[in-house]
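Please walk me through the backbone, the strands and the helix packing of this structure. A plain account in running text will do.

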Amino acid sequence: MFGWTGKLLHVDLTRGTCERREIPTEILHAYLGGRGLGVRLMRDYFRLGPFEPDLPLIFAVGPLCGTSSPTAARLSCVSRSPLTGTIYDCSAGGRFAWRLKAAGLDALFITGKSPAPVFLSIDPAGDHLHPAQSLWGKGVKETVAALGQYGSVTTIGPAGENGVLFANIMMGEGNSIGRGGLGAVMGAKGLKAITAQGDGVTGVADKERFDAARGDVMRLFRASPVIFGELGIAEYGTPALVDLMAQRRMAPTENFRSTFFADSGNYSGPAIRKECGARKEGCYGCPIQCKKASAAGEPLPEYETVNHFGALNGISDLHAIVKANSLCNELGLDTISAAATLSAFGEARGRFPDAAEVATLLADIAYRHDQGELLSLGSRRMAEVLGKPELSMSVKSLELPAYDPRGAYGMALAYVTSNRGGCHLRAYPISHEILRKPVPTDRFSFSGKARIIKIAEDVNAAVDSLVACKFAFFGATLEEYGELLSAVTGVEYGPESLKGIGERIYLTERFYNCGNGFDRSHDTLPRRFFEEAGSAGEGIDVHPIDRARFDEELQKYYRIRGLDEDGRFGDRNLLDELP
Amino acid sequence: MRDQISKYTGKLLADRSACADGIAFAAQDDALITAGAPELAALAGATLSRLNSLALVAARPTLPFADFLVARAGQGEECIVPQDTETRTFLHDIPFLRRKDLSGDAAPVLARLLGNRKGVIVEGVGIVAVGAITVEQAFINYSSVFHSTFVKYLQDVLVEGFRLPGEEEAFDSFRREWLRPLSASGLDFVEALSLEKEAILAEIERVGRYTVERGLVDSFFGNISAVAGERIYISQTAASLDELKGCIDPVPADNSSTTGITASSELLAHRKIYEQTGARVILHGHPKFSVVMSMLCDKKKDCAIKDCWKDCPHVRDLGGTPVVAGEIGAGGLAKRVPPVIGASGSAIVYGHGVFTLGRAGFGETFRAMVDVENFCREEYFRQLDITKA
């Protein structure tokens, strides 16, 4: 078999066992890997609560991982989110995915709960659980340093150990499995860290075809101003978006009360380069290298992070924002949810936290100390406890990232149709509504957006299963990645068949969510976006979203998806229809 | 979406790439709609309904070149592979369906082909192109296939001559009737562009429209810019040159802001040209004969370089205009064009298009592009006539 290893490591933490098992080939062909494989493997477990021991925590790489396919040294982590209650996946780069594949695995399936903290070492010579009591309570850097001898490391920090609902799993290189609190799921299992090493090579079925397809991908990367343009993400990282979002008047500010922050230039891409001496970093083998690190090697914040610790909390000090980012990384906290929860907290009490208080509150959250106990629940639960539920700027309890939905109506729709809650990456309409890729669409119009969002969700579910980086698709398309996949695996895939796989994955996720009580009532935005205008400027007016038009487009979306008016499946048992 | 269908039907007519009675669109949101020539519309609808895409155009080209390419293709071949930049970068190849293979319902097989590529040639029917997320995208892909087949056919005829019954007559008709004299006459330009932002934007919008109207681009691509002090005003990526209002990015020369991340992929080339030539304005188009002639090289047989479009280090000459290799964006064009464009005011990029510059305003730039294209057109037919003789 080319592309896949066909192997899964089944780890039962309750029994303390590690066993390599076969994955049926037809499942790999039908779900590819990453998100798709993980979602499929959740079929018998999706009703379990996020902290029930039998709930699996799945790490899955894709068939392109281990080859020189651009941006494909990634994995998806899949489980059920304690923050949102939905099925949850997150794509992450770094080196760990590549090492996992080199260790001979397509997936890691972790279930049970260890009676004492452990870490898992993965190695073709033997997979073992080791005591980790001495690491429990340690920060991410210290843990990574302590386990470096075992290979590439992924670990939780104190936030995951303490059950913070938006705790991350951190990669040793600073990448994160973020947003939905899978760090808390890992912590609840008593699993501190996982290491992986191996020297296996992913076989390629047709090397000549692969080289040609890779050349096509790279040509499109070079043709993309967003990727390799002199103002693009290869140069400035995602903070390249700071100036653009300010100009477009859609940078969430002070808990989304406005959409323009006059001091955002302090943390723009050029400002970070100048102030922090930003240099290029990136995931293993990625030609884009969009991650940026300081001269001292400290990972620098992404766009969402600088906006949310900046504008969203009214903070203009770049160094304070960088510090908040580093603290989150060290404690194992999601930066978007942490900053957005602090912002909602700030609005609720009538004062946004200043830079010094942010640092204190982040530590309190990670250790669930003092006010951190409440904040560790995320903005939705926190705002409800404070009697101001309308101040949580979230969808399905997932805090919204740094694209105000009043400034991009496809984004507004995509936030609510996302199966993991208010996420920008499921359909990623910013690509066409703002960045004009593959073609521009009118950001202030709902026309056609239901179909566009549906298609993009399918595409991105496939991308997350390859597993490739979304940023690659600012240049390339499934045409080129389908060719890469065919060349690697020897199995023919094209854009349409990949979208079909993506649709299968998306509907499965939706079916799981509906099975856990989700319906149309959860597919909505916070009231603010329908009632309050954003900040006008540069000839741009940012109106409240027309709720009737929004609801109309959502119903169109349901029809396109084959769902009923309530966004559910009716009597249909989708799982009976799927491999 | 009906307004979009109407708009892009109009564009296909305006650029004379499709026959008036042979254009159909299909689009789907929560319902499928079709419009245009009934038979083609039925095919478009039946095909799109099988695809996870938003729009599709099926149209009969005004020129028979796509059909000729299919007929000239060897038995067993299933696609054509034009060598121009548009094809290489975005289309890769263009699959075709032969007339003899069209029995019964063509929609399933068309959908299968369009499931892998953006456009398909159906012999005797026309070009069918899909738009993944917009009607405009379907139009762009149709236009790209039309452009690519135009370029490849002219190349092939020059090298191989006519091979099919009726081919030479059809080509003569193209030469005498379809082609129109190309000039800049009747167009107004501000000969000395001011430094004032609004005046610059207005002139860029106007010249962009001229560029499309005079057929100097495929679909509506290309790019255009002007420099004023420390700022470059440049058309955005994927912007219609004939609809540039609101689609021009002001980019600071010192990169102190990244607002221009949406600027044309050729921003770097424009910036370097300004730095090295002192020009005020730049226009970049894809005029067809220039693209054809740029790929004609008498050293090909003996040359060790095979990927000429990116690896050729030589500066060739077409009527005083230098021709260089280089892929788009960060792919090398930005290194090779700036050093050679200053002397002549124009440069051709292998298989891609033409850059021209102006020292004061767009009149000089536009006329230079017209001159380059006219030279290449005349040179093409001169060489063809020699070959025929």
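Where in chain A is the place of R179(A)? The model is a predicted one, and in it R179(A) sits in the loop that connects β11 (176–177) with α6 (182–188) of chain A. Its phi is near 75°, a positive value in a residue that is not glycine. The relative accessible area of R179(A) is 5%. Buried means under 20% relative accessible area, so R179(A) is buried.

F256(A) is another residue to look at for its phi. F256(A) is not a glycine, yet its phi is positive, at about 70°. The residue belongs to the loop between α10 (241–247) and α11 (269–276) of chain A. With a relative accessibility of 0%, F256(A) counts as buried.

P438(A) is found in the loop between α19 (430–433) and α20 (449–466) of chain A. Another cis bond leads from L466(A) to V467(A), and here omega is near -15°. V467(A) lies in the loop between α20 and α21 (478–489) of chain A.

Is strand β9 (residues 152–156) of chain A enclosed or exposed? Of its 5 residues, 5 are buried, so the strand is largely enclosed by the rest of the structure. In a regular strand the side chains alternate between the two faces of the sheet. In β9(A), S152(A), T154(A) and I156(A) point one way, while V153(A) and T155(A) point the other way, and all are buried.

The partners of β9(A) can be taken in turn. Strand β12 (residues 191–196) of chain A runs antiparallel to β9(A) and is joined to it by 4 bridges. Within this pair, V153(A) has T195(A) of β12(A) as its bridge partner. β9(A) also pairs in the antiparallel sense with strand β10 (residues 169–171) of chain A, over 3 bridges. Here T155(A) stands opposite M170(A) of β10(A).

Chain A further provides a case of helix packing. Two packed helices are described by the angle between their axes and the distance between the axes. For helix α18 (residues 409–417) and helix α24 (residues 547–561) of chain A, the angle is about 55° and the axes are 11 Å apart. Angles of 65 to 115 degrees count as roughly perpendicular and those under 35 degrees as roughly parallel; α18(A) and α24(A) are therefore oblique to each other. The crossing of α18(A) with α24(A) is right-handed. On the side of α18(A), the contact is made by A412(A), L413(A), V416(A) and T417(A), and on the side of α24(A) by F550(A), E553(A), L554(A) and Y557(A). The residues of this contact comprise 6 nonpolar, 1 polar and 1 charged.

In chain B, the subject is a sheet. How many strands does this open sheet of chain B have? It has 8 strands, in the order β10-β9-β8-β11-β15-β14-β13-β12, with mixed pairing. β10 (248–252) and β12 (316–318) of chain B are the edge strands, each pairing on one side only. On average, neighbouring strands of the sheet are turned by 20° against each other, direction ignored.

Within this order, β8(B) can be followed in detail. Strand β8(B) is joined to β11(B) by 4 bridges, and the two run antiparallel. In that pairing I224(B) stands opposite L283(B) of β11(B). β8(B) is also joined to β9(B) by 4 bridges, again running antiparallel. A226(B) has Y233(B) of β9(B) as its bridge partner. The hairpin of β8(B) and β9(B) has 2 residues between the strands, and G229(B) in this hairpin takes a positive phi near 60°.

Why is β8(B) described as largely enclosed by the rest of the structure? The reason is that 6 of its 6 residues are buried. Both faces of β8(B) are covered: N223(B), S225(B) and V227(B) lie on one side, I224(B), A226(B) and A228(B) on the other, and all of these are buried. Helix α8 (residues 197–213) of chain B lies across β8 (223–228), β9 (231–235), β10 and β11 (281–285) of chain B, and runs at about 160° to β8(B).

Elsewhere in the sheet, strands β14 (residues 346–349) and β15 (residues 353–358) of chain B pair in the antiparallel sense over 4 bridges. I348(B) stands opposite V354(B) of β15(B).

Note on methods: Residues are numbered from 1 along each chain as its sequence is written. Chains are lettered from A and ligands numbered from 1 in the order in which they are written. This is a predicted model: local features need pLDDT of at least 70, side-chain atom pairs count only at pLDDT 80 or more; totals for chains, interfaces and linings use all residues. Side-chain values use heavy atoms; hydrogens and water are left out. Buried means under 20% relative accessible area, exposed over 50%, partly exposed in between (1.4 Å probe, protein chains only). Axes are lines fitted to C-alpha atoms, for helices over the stretch in contact, and angles run from 0 to 180 degrees between N-to-C directions. Angles under 35 degrees count as roughly parallel, over 145 as roughly antiparallel, 65 to 115 as roughly perpendicular and the rest as oblique. A crossing is left-handed if the near helix is turned anticlockwise from the far one by less than a right angle, and right-handed if clockwise. Contact means heavy atoms within 4.5 Å. Ala, Val, Leu, Ile, Met, Phe, Trp, Tyr, Cys and Pro count as nonpolar, Asp, Glu, Lys and Arg as charged, and the others, Gly among them, as polar. Two strands pair if DSSP finds at least two bridges between them.
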